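User: Could you walk me through how to read the main features of a protein model, giving the general idea first and then the case at hand?

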Amino acid sequence: MDGLSLNAEPIFDDETEEFEIDGECAMTEYVGQSGIIEGENPVPSAVGMEFETYEDVYYFYNCYAKVHGFGVRVSNTWYRKSRERYRGKLSCSSAGFKKKSEANRPRPETRTGCPAMIKFRLMENNRWRIIEVELEHNHLVSPSTEKFYKSHRNISSGSKRSLQMDANQDIQKIRLFRTVIIDPDDDRKLNIDEGEFRNTIDQTNNHLILKPGDAQALHSFFTDLQLVNPDFFYVMDLNEKGCLRNVFWAEARFKAAYSYFGDVVRIDTACLTTKYEVPLVVIAGVNHHGQSVPLGCGLIAGETVESFIWLLRAWLTYMVGRPPQTIIIAQSRAMQTAIADVLPRSAHCISLSHIMKKVPEELGGLHEYEVIKKAFTKAIYQSSRIEEFEAAWEDMILHHRIRDHKWLQTLHDDRKHWAPVYLKDTFLAGMVSVTLSEREASPFDEYLANHTSLKVFLNSYNQCLKEIYLREALADTESRNSSFMLKSRFYFEMQLSKVYTNHIFEKFQIEVEGMFSCLSTRQVSIDGSVVTYIVKEHEVENVNEARDYEVTLNTAVAEVLCACGLFNLEGFLCRHALCVLSQNSFEEIPPQYILSRWRKDIHRSYILDYGCNLIDTKNPVHRYDNLYKCAVKLVEEGRKSRERYKFTLEALGEILNKVSLQDHNTL
């Protein structure tokens with residue numbers, strides 16, 4: 001027979017060929033709870049875990065075996081006729097039984113027929129997936145016996161190569177997360193959109209360029225944060241030469257904030273496009289005060305599809321596989337490709353402010369630049385319907401003979417992702433600037449400039465987060481304690497003054513004031529409970545001109561929709577919809593149009609709520625992590641007042657006594 005079984009599993013596993021795999025291999029993605037493996041792996045195998053290579057599966061299972069005190073051997077490997085491996089089985093070294101020997105003095109039997117094993121196979125996505133697991137042994141296992149197993153000889157931390165941070169300078173050892181992918185088929189696991197990595201990386205941008213001391217600063221940054229916050233997460237990506245290429249990290253608060261404000265996120269790559277010394281990528285959202293809040297951070301070697309895919313996967317898996325509703329990016333073909341691969345179900349929008357910043361660079365050399373810029377701006381900001389935008393764009397192209405301009409061609413091809421008239425059905429939560437005066441800010445703007453070094457940024461990172469969180473806390477206090485001067489006698493203005501935060505209510509009041517610019521509200525058609533109106537409004541720049549806006553109202557279910565699309569753009573009703581509601585004697589805003597993300601009367605806890613459903617109580621690491629997280633919640637509650645502090649301290653003393661007594665009784 002050529003090799004092992006091709007299509008089916010053999011009846012007797014222990015009768016097949018055995019071999020050992022030595023050496024080191026890297027697992028490059030992370031899902032779920034953090035686990036650092038430097039020759040050790042306390043995480044048990046589970047059906048659905050996926051790995052990059054066959055050797056990665058072996059390394060992962062062998063590290064687990066080393067910690068728990070048993071050896072590993074390869075029981076079976078299945079090959080196709082092309083000699084390609086497609087299936088494997090790893091067993092405890094005590095699995096099966098040795099063949100009977102006719103020697104005069106045969107060696108004593110050391111195997112026990114142990115059932116512990118994992119089976120895995122090559123999937124269509126070219127990853128190796130664990131398809132069957134048996135964790136129980138039929139013999140005693142002890143970590144103290146690890147030195148006796150051959151499979152453990154080459155996985156000690158002392159034998160691992162140094163991770164090269166830069167090819168020529170400042171070589172440091174940094175802990176590398178060795179990680180696994182969880183299969184989305186099991187509803188207890190993650191739902192991750194998979195895709196093949198595209199080999200488009202520029203070799204000149206194949207690793208981070210670090211200055212002397214940067215590697216040590218990065219190492220200290222991660223280890224220090226993990227000491228004070230066990231929920232701090234980071235993962236590193238190495239290139240084929242072992243050089244550091246990409247890094248991602250996130251705070252526990254990022255995940256908690258994402259549960260409230262993860263409907264719309266922005267990927268800020270300004271540090272890459274403007275050639276900052278720190279190649280920082282920030283994934284950010286906006287909180288209930290319209291403030292930019294970080295949801296994930298990364299350093300990447302270059303603007304390549306591969307690096308963006310890696311970063312998005314790292315972030316998405318940290319967020320437990322929950323994609324955002326909308327994701328906003330700069331104009332980047334590499335980023336668009338990566339989003340289509342990793343986040344195909346999310347609507348992606350191109351930042352209009354980013355496009356407008358590039359206008360002088362891309363169009364500045366054209367004849368009659370100022371006239372073209374004015375026509376370009378008018379087409380974008382003064383078109384309320386798709387037909388108007390397309391007509392204005394075509395007129396600009398024809399009049400100035402710029403149909404062959406490549407940047408404008410690219411923009412027009414992507415217009416459904418950035419032109420305001422095409423985004424009316426996409427929820428944006430105020431994160432896309434549709435006026436020339438608005439600016440999209442990054443959470444780290446005040447602490448990062450072109451020549452800020454990596455060490456300086458890392459040293460100021462914690463202070464920046466403190467200011468971000470303090471700014472939100474102060475805004476919470478001001479929103480709860482302040483009152484507004486109402487600008488109308490409409491009851492819905494008073495209604496929302498009690499629930500909206502100050503920032504959002506101030507923006508809503510602009511719409512209330514705008515109602516006085518609406519000249520008339522005229523009913524034009526009726527179809528059952530659906531009534532259509534035309535609201536005529538004065539033009540902002542020319543009061544002698546007016547524009548018509550179509551508004552439909554379903555009186556049966558209190559649904560109102562305006563052609564201007566402000567509700568999806570900002571998250572609150574526009575002046576035209578308010579006029580129609582007022583004319584139909586609606587005193588209050590229907591509840592579906594008062595979004596919880598803007599409310600000031602909702603308590604938002606940034607301490608993650610961990611359940612015990614996925615805790616392995618036999619694993620001391622899992623027990624420690626879960627107890628620690630429960631204790632952190634207790635401390636957060638106990639610190640809020642002197643009375644709570646005293647009560648919590650006494651309760652903790654009683655619990656400690658009971659736990660000690662439990663140990664005494666057990667002994």
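Analyst: What follows goes from the whole chain to its sheets, and then to its helices.

User: What should I know about the model and its numbering before reading anything from it?

Analyst: This is a predicted model, in which local features need pLDDT of at least 70 and side-chain atom pairs count only at pLDDT 80 or more, whereas totals for chains, interfaces and linings use all residues. Residues are numbered from 1 along each chain as its sequence is written, and side-chain values use heavy atoms, with hydrogens and water left out.

User: How many helices and strands does the secondary structure of the protein chain come to?

Analyst: Helices (H or I, at least four residues) and strands (E, at least two) are DSSP runs, numbered from the N terminus. On that basis the protein chain has 18 helices and 17 strands. Of its 667 residues, 49% count as buried, where buried means under 20% relative accessible area, exposed over 50% and partly exposed in between, with a 1.4 Å probe and protein chains only. Contact means heavy atoms within 4.5 Å, and among contacts in the protein chain with a separation of 6 or more, 64% are accounted for by residues 24 or more positions apart.

User: How do I read a sheet, and what is the strand order in the open sheet of seven strands?

Analyst: Strands of a sheet pair through backbone hydrogen bonds, either parallel or antiparallel. Two strands are taken to pair if DSSP finds at least two bridges between them. The open sheet of seven strands has the order β7-β8-β11-β10-β9-β12-β13, with mixed pairing. Its edge strands are β7 (233-238) and β13 (347-350), each of which pairs on one side only. The twist from one strand to the next averages 20 degrees; for such angles, axes are lines fitted to C-alpha atoms, for helices over the stretch in contact, and the values run from 0 to 180 degrees between N-to-C directions. Within this sheet, strand β8 (residues 244-250) and strand β11 (residues 292-300) run antiparallel and are joined by four bridges, with W249 standing opposite C297 in β11.

User: Which helices lie across the strands of that sheet?

Analyst: Helix α2 (residues 214-228) lies across β7, β8 and β11, running at about 25 degrees to β8. Helix α6 lies across β9 (264-268), β12 (326-329) and β13, and runs at about 165 degrees to β12. Helix α6 (residues 333-342) contains Q336, which is buried, with a relative accessible area of 9%. Leaving aside neighbours within four places in sequence, Q336 is in contact with I329, H348, I350 and D414.

User: What is the order of the open sheet of four strands, and how are they paired?

Analyst: That sheet has the order β14-β15-β16-β17, with antiparallel pairing, and its edge strands, β14 and β17, each pair on one side only. β14 and β15 pair over eight bridges, and the bridge partner of R522 in β15 is I534. The hairpin of β14 and β15 has two residues between the strands, and G528 there takes a positive phi near 65 degrees. β15 is joined to β16 by nine bridges, with E537 standing opposite R547 in β16.

User: Why is helix α16 described as largely enclosed?

Analyst: Seven of the nine residues of helix α16 (residues 575-583) are buried, so this helix is largely enclosed by the rest of the structure. The buried residues are R575, H576, A577, L578, C579, V580 and L581, and they pack against α13 (491-497), α14 (502-514), β14 (518-527), β15 (530-538), β16 (546-554) and β17 (559-562). Just after α16, S585 takes a positive phi of about 65 degrees.

User: At what angle do helices α10 and α11 pack?

Analyst: Angles under 35 degrees count as roughly parallel, over 145 as roughly antiparallel, 65 to 115 as roughly perpendicular and the rest as oblique. Helix α10 (residues 386-400) and helix α11 (residues 406-413) pack at an angle of about 165 degrees, with their axes 13 Å apart, and α10 and α11 are therefore roughly antiparallel to each other. The contact is made by E390, W393 and I397 of α10 and L408, L411 and H412 of α11.
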